[in-house]
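Here is a short briefing on a ligand site and on some aromatic side chains. Keep the model open as you read.

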Amino acid sequence: MSSEIKAKISAVGHYLPDYVLTNQELEKLVETNDEWIRTRTGIIERRILKDPDKASGFMAAEAAREILRQRNMDASEIDVIIVATVTPDYMFPATACIAQSMIGASNAFCFDLSAACSGFLYALEVGTNMITSGQYKRVLVIGSDKMSSIVDYTDRSTCILFGDGAAGVLLEPADDENGIVDSIMYSDGDMSSTLIQSGGGSRNPASHDTVDKKMHYIYQEGRPVFKRATEGMADVSVEIMKKNQLSGDDVDWLVPHQANLRIIDATARRMNLDPSKVMINIDKYGNTTAATIPLCLYDWKDRLKKGDKLVLSAFGGGYTWGAIYLKWAM
Ligand code: COA
């Protein structure tokens, strides 16, 4: 019976560009300072993909290659590739198709998913259901964002926040009770204008005017987004704990989207979680949008034990938010 099939994460891969953009370097670009950035966001540095010929598709392909090496698998064995991104190589074709071609995953069907900072979580939910349907056996779920391609490096309120990177996981049918257990996903389009890249789509096609008005850059109203993100991430994390009768002691790890250290701390407090159980790497990478959660899984993979209880939780543009509860299967 297809409903009895469970999905598990069987490999984790990543790609980070070499170039490190420090707070000190940003001090030279905009009126800001290291102390403000550290205390207001928790960020110390972020990675930037400098090569103009490389973009999100390249980073997704590199993450995929690492996953394939880890599982000792050929690219032709992949059934599905989902790339979560808001910085696709092109409006179309899908970045997942670009990555597919780069790795030679000729038997995979491929598509992108747009849910901003919740992109990886949403893609993991979709991929999980593709596995549990029984129709697919190997689904690559990758978050990849070249945020530097849409960041205005004269806007101090946004340019300090974002970095480039990619990471992802392989989903396969689980062979025991460990795997993806539960999920809660939400969206609210009413506040979409507070976090938006308004130019370049069908509403405001690229023109001299859209360039002059800086509509191809990220626009964010920091305060309302901060408030909703803090509430949203904390509420949904507590909700999934209650739904699965988990206390703060039961949860081994919180894997939060890395947008702002203060949002992460507030979420952990609401969950009654010891700070030592919270994955935090925002200091090194900033907000890499769809890549933050799998980058955490990658950085912590050697410390994770089979059966560990993880709560993954994110909030992002849309608005989109959600949480996934899983038992680590590797
Ligand atoms: N350096 C120095 N000062 C800065 C600054 C910077 N880089 N950016 C903004 N400021 C200033 C503002 O101009 C403002 O000055 P004013 O009081 O004279 O007007 C002051 O700092 C406070 O600005 P505010 O926007 O209220 O700061 P904040 O505490 O809300 O922090 C963010 C700003 C962007 C860090 C924060 O709002 C945030 O993290 N927002 C949500 C991000 C997020 O979660 N995104 C969605 C998920 S991806």
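A polar contact is a pair of N or O atoms within 3.5 Å. The model is predicted.

- The side chain of Arg-262 places an N or O atom 3.2 Å from a ligand oxygen.
- For Trp-36, an N or O atom of the side chain is 3.5 Å from a nitrogen atom of the ligand.
- The ligand taken alone exposes 950 Å², and the protein buries 76% of that.

**The shell around the ligand**
- Two or more residues each come from helix 2 (34-41), helix 6 (156-159), helix 8 (222-243) and helix 9 (261-270).
- Helix 8 contributes the most, with 4 residues.
- There are 23 residues around the ligand, and the nearest are Thr-32, Arg-40, Cys-117, Arg-223 and Asn-260.
- By type, the shell has 10 nonpolar, 8 polar and 5 charged residues.
- Domain 1 (7-177) and domain 2 (180-327) each supply at least three residues to the shell.

**Aromatic side chains**
- The structure has 6 aromatic pairs.
- Phe-109 and Phe-111 count as stacked because their ring planes are at 25 degrees, with the centres 5.9 Å apart; the cut-off for stacking is under 30 degrees.
- Phe-109 is partly exposed, at 36% relative accessibility.
- Phe-111 is also partly exposed, with a relative accessible area of 23%.
- One aromatic cluster is formed by Tyr-186, Phe-315, Tyr-319 and Trp-321.

Technical notes
Residues are numbered from 1 along each chain as its sequence is written. This is a predicted model: local features need pLDDT of at least 70, side-chain atom pairs count only at pLDDT 80 or more; totals for chains, interfaces and linings use all residues. Side-chain values use heavy atoms; hydrogens and water are left out. A residue is near a molecule or strand if one of its heavy atoms lies within 4 Å of it. A polar contact is a pair of N or O atoms within 3.5 Å; within protein, one must be able to donate a hydrogen and the other to accept it, and residues adjacent in sequence count only if both atoms are side-chain atoms. Accessible areas come from the Shrake-Rupley method with a 1.4 Å probe; for residues, only the protein chains shown count as cover. Ala, Val, Leu, Ile, Met, Phe, Trp, Tyr, Cys and Pro count as nonpolar, Asp, Glu, Lys and Arg as charged, and the others, Gly among them, as polar. Domain bounds come from an automatic or database domain assignment. Rings of Phe, Tyr and Trp (its six-membered ring) pair if their centres lie within 6.5 Å; planes under 30 degrees apart count as stacked, over 60 as edge-to-face and the rest as tilted. Buried means under 20% relative accessible area, exposed over 50%, partly exposed in between (1.4 Å probe, protein chains only).
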